[in-house]
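Thanks for coming. I will go through one model today, from the overall picture down to single residues.

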Amino acid sequence: MPVNLDKPHLWKDDTRASVDHYNKWFMKFAPKAFRDTRVDVTKKVEKAVLDSNDMRDLSPDLLKAWPGVLPTLRMSCCPPLAVDRLIGLSYASKSLVKNMELGRLSLKMREELLAMQLASIANVISRLFDPDIFVWLPERREPTAEERLRASTIVADRLTGAVANPIIKNAQEKRQLAEIAAYLKKKGYNKKTHSPGAPLDTMAPGTFTFHYPVLTGAEGHQVFVSVDALIQPHVPRANRLPVMVEAKSAGDFTNTNKRRKEEAKKISQLKATFGNDVCYVVFLCGYFDSGYLGYEAADGIDWVWEHRISDFDQLGL
């Protein structure tokens, strides 16, 4: 029986409750995460300013010795440069820039090509340094300690949002999985590893596992589909397949549809492999409106609200 997809008369009230639930968590967790991230980022920005002789000696050698400084340098520009914009302006290799964003170089790149592309990156950034932040650059003078600190703080603020958002997202996912684990343990379930690739119908009753790769497709064309939670009820369903759960949260209404197509593709792959009776649900917390829910329902994807985790009871758990 459907849990929520066939109850559109409840969707608006549930959306409001879900938004409140997410916001309470965000207000408690996000400020600390942002502050902690900002302290760490500010230290890195200050180091970048000092190591580059107050941004006056940005060189290929500096980028080669410290490729991880690139995000700081992008945020020091006017306007701040997105990764793809820097690639376009510098004509540098996409793989090189993406690797530098992760704090490393492209090891397979020839030395002469690496030197040329690092010089191009350094040239673009040097020409675009924000003169309202690094006020000493157009005046060709030494900065005061106050100016250096102010510039480092402004760049750190720009960078912190980009760094903190993934931290908040990862923390929310961990919290959602912890909520599922707490709910299941109260019902006598045990967390137990199920070997990847093993038949799903052999999963032990009354067990669950997280981040499980489900093998889908026909022989010769098989692919793994990652499932956040795999739960085998105490009394298995008729097909003995476990319940599959995708944990999902959103902090605003604008981005909720980005992964919707991925979920539709997942359930399509799962049904093609295990039949239409597969039980795949999304565990929602945050900003999911009737538009998003309608699309999920149309794709045959049901959901459980985190603010009403007892919805899982309807799945035989």
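**Notes on one chain**

Leaving out residues up to four places away in sequence, Leu-241 touches Leu-200, Gln-232 and Phe-274. Asp-6 is 235 residues away from Leu-241 along the chain, and the two C-alpha atoms are separated by 23 Å.

Before going further, a word on confidence. This is a predicted model. The mean pLDDT of the protein chain is 90, with 99% of the residues at 70 or more. Confidence is lowest in helix α9 (residues 260-274), where the mean is 85. Strand β6 (residues 302-305) has the highest value, 96.

Now the overall picture. The protein chain has 10 helices and six strands. How does the radius of gyration compare with the globule rule for 317 residues? The radius of gyration is 25 Å, well over the 20 Å from that rule, so the chain is more spread out than a compact globule. Along the principal axes, the C-alpha atoms fill a box of roughly 75 × 45 × 35 Å.

As for burial, 44% of the 317 residues count as buried. The accessible surface of the chain is about 16,500 Å², and carbon and sulfur atoms account for 55% of that. If we take contacts between residues at least 6 apart in sequence, 64% of them join residues at least 24 apart.

Next, the aromatic residues. There are 12 aromatic pairs in the structure. One of them is Phe-253 with Tyr-287, an edge-to-face pair at 5.0 Å centre to centre, with 70 degrees between the planes. Phe-253 is in the loop between β4 (243-250) and α9, while Tyr-287 is in the loop between β5 (280-286) and α10 (290-298), so this pair ties together parts 34 residues apart in sequence.

Are the two partners buried or exposed? Phe-253 is partly exposed, at 38% relative accessibility. Tyr-287 is buried, at 16%.

Another pair is formed by Phe-288 and Tyr-292. The ring centres are 5.0 Å apart and the planes stand at 45 degrees, so this pair is tilted. Both Phe-288 and Tyr-292 are buried.

Which residues do the ring pairs link into a cluster? They are Tyr-22, Trp-25, Phe-26, Phe-29, Phe-253 and Tyr-287. Two of these names come back with Gln-172, a residue of helix α8 (residues 145-186). With a relative accessible area of 1%, Gln-172 is buried. Apart from residues up to four places away in sequence, Gln-172 touches Tyr-22, Trp-25, Ser-249, Cys-285 and Glu-306. Tyr-22 and Trp-25 are therefore both contacts of Gln-172 and members of the ring cluster.

Lys-47 lies over the face of Trp-66, 4.2 Å from the ring centre.

Now some backbone points. Most residues other than glycine have a negative phi, and most peptide bonds are trans. Pro-79 is in the loop between α3 (70-74) and α4 (83-90).

Then there are two residues with positive phi. Asp-54 has phi near 60 degrees and lies in the loop between α1 (8-51) and α2 (60-65). Tyr-91 has phi near 55 degrees and lies in the loop between α4 and α5 (94-101). Where do they stand on accessibility, buried or exposed? Asp-54 is buried, with a relative accessible area of 4%, whereas Tyr-91 is exposed, at 72%.

I finish in helix α9, which holds Lys-261. This is the helix where confidence is lowest, at a mean of 85. Lys-261 has 64% relative accessibility and counts as exposed. Lys-261 and Tyr-295 are 34 residues apart along the chain, and their C-alpha atoms are separated by 9.6 Å.

That is the end of the walk through.

Methods: Residues are numbered from 1 along each chain as its sequence is written. This is a predicted model: local features need pLDDT of at least 70, side-chain atom pairs count only at pLDDT 80 or more; totals for chains, interfaces and linings use all residues. Side-chain values use heavy atoms; hydrogens and water are left out. pLDDT is the predictor's confidence in each residue, from 0 to 100. Helices (H or I, at least four residues) and strands (E, at least two) are DSSP runs, numbered from the N terminus. Rings of Phe, Tyr and Trp (its six-membered ring) pair if their centres lie within 6.5 Å; planes under 30 degrees apart count as stacked, over 60 as edge-to-face and the rest as tilted. Buried means under 20% relative accessible area, exposed over 50%, partly exposed in between (1.4 Å probe, protein chains only). A charge sits over a ring if NZ of Lys or CZ of Arg is within 6 Å of the ring centre and within 35 degrees of the ring normal. The radius of gyration is taken over C-alpha atoms; the globule rule is 2.2 Å times the number of residues to the power 0.38. Contact means heavy atoms within 4.5 Å. Accessible areas come from the Shrake-Rupley method with a 1.4 Å probe; for residues, only the protein chains shown count as cover.
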